[in-house]
Amino acid sequence: MGVPGNNPPPPGLAETELFAVDAYRTEFDATVTEVDREGGRVALARTAFYPVGGGQPSDTGTIQTPAGTLTVTGVRRERGTIWHTVEGDLPDVGAEVQGEIDWDRRHRLMRTHTALHVLCGVIWADHGIPVTGGNMEPMKGRLDFPFPAMSADLGAQVERRINEEIEKAHEIVVDFLPRIIADTDPALIRTSANLIPQEIDPLRVIDIVGLDRQADGGTHVLSTAEVGRVRVVGTESKGKDNKRIRIEVLDETEGTP
Ligand SMILES: [Zn+2]
């Protein structure tokens, strides 16, 4: 197992997909590389806008062009190209633009995404059960686990354990593990990272040091302390061997009398 964070990103990634290497980057300059006039969208030589994927919604924000301001309403990766769907007058290919993501929304998504990984880590540590699916919006999310049965007080117990781990202020490291190492890592095997196509090498890994490690494309905070408090707001059976846990992330001042 390599030292966390010691493996560099693949060539070019840090210059093109800024969100993958620095989740705190909010502004960037870029050149327009493609314009889809029918689809109302643009591709840029580099971007800090996260494209929807892995249960995390895309960023929103603005792109300043020589002709004015575009509002970014959605971002999607298609066959390797990241397309920004925009409202406003489309620029020409070659135009120099400045992008800015909606940081309030992004930071809430980072806190929520990290909270869901803490939930994964707790369920694995306490019950030995791997996650099978999930989704999130800013400040709320859900994960599914193949629990055979779920007791009434499991939700309360899980909530207590999530907040306990958050308070430990676990460091969160983005690593790029060579496949030859990743494919023998027990934490990555149990989250099925070994099923990701072999041509994806290295694997981007989010390591909540000491709690949870999984292959992941999303954006995360630097410490679990930054998440805030988490409340378990629902536990539901979605059929035999599939139980859903819903959480909400609270701001520090919320939920305290
Ligand atoms: Zn994730």
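Author: Here is a walk through the metal site, then the pocket, then a separate sheet. The model is predicted.

Start with the metal. The zinc ion is held by three residues: His-113 through NE2, His-117 through NE2 and Asp-216 through OD. The distances run from 1.9 to 2.0 Å. Along the chain, these donors follow the pattern H-x3-H-x98-D. His-117 sits in helix α3, residues 103-127. Asp-216 sits in the loop between β11 (212-215) and β12 (229-237). The pair therefore ties together parts that lie 99 residues apart in sequence.

Buried or exposed? Take His-117. Its relative accessibility is 3%, so His-117 counts as buried. Asp-216 is buried too, with a relative accessible area of 12%. The cut-off for buried is under 20%.

Several elements each give at least two residues to the lining: α2 (18-21), α3, β7 (133-137), β10 (203-208) and β11. By class, the lining holds 19 nonpolar, 13 polar and 6 charged residues.

Last, the sheet. Here 6 strands close into a barrel, in the order β1-β2-β5-β4-β3-β6, with antiparallel pairing. Neighbouring strands are turned by 45° against each other on average, direction ignored. Thr-65 has Gly-68 in β4 as its bridge partner.

Conventions. Residues are numbered from 1 along each chain as its sequence is written. This is a predicted model: local features need pLDDT of at least 70, side-chain atom pairs count only at pLDDT 80 or more; totals for chains, interfaces and linings use all residues. Side-chain values use heavy atoms; hydrogens and water are left out. Two strands pair if DSSP finds at least two bridges between them. Helices (H or I, at least four residues) and strands (E, at least two) are DSSP runs, numbered from the N terminus. Axes are lines fitted to C-alpha atoms, for helices over the stretch in contact, and angles run from 0 to 180 degrees between N-to-C directions. Donors are N, O and S atoms within 2.8 Å of the metal (3.2 Å for Na, K and Ca); water is not among the atoms, so sites may look incomplete. Buried means under 20% relative accessible area, exposed over 50%, partly exposed in between (1.4 Å probe, protein chains only). Ala, Val, Leu, Ile, Met, Phe, Trp, Tyr, Cys and Pro count as nonpolar, Asp, Glu, Lys and Arg as charged, and the others, Gly among them, as polar.
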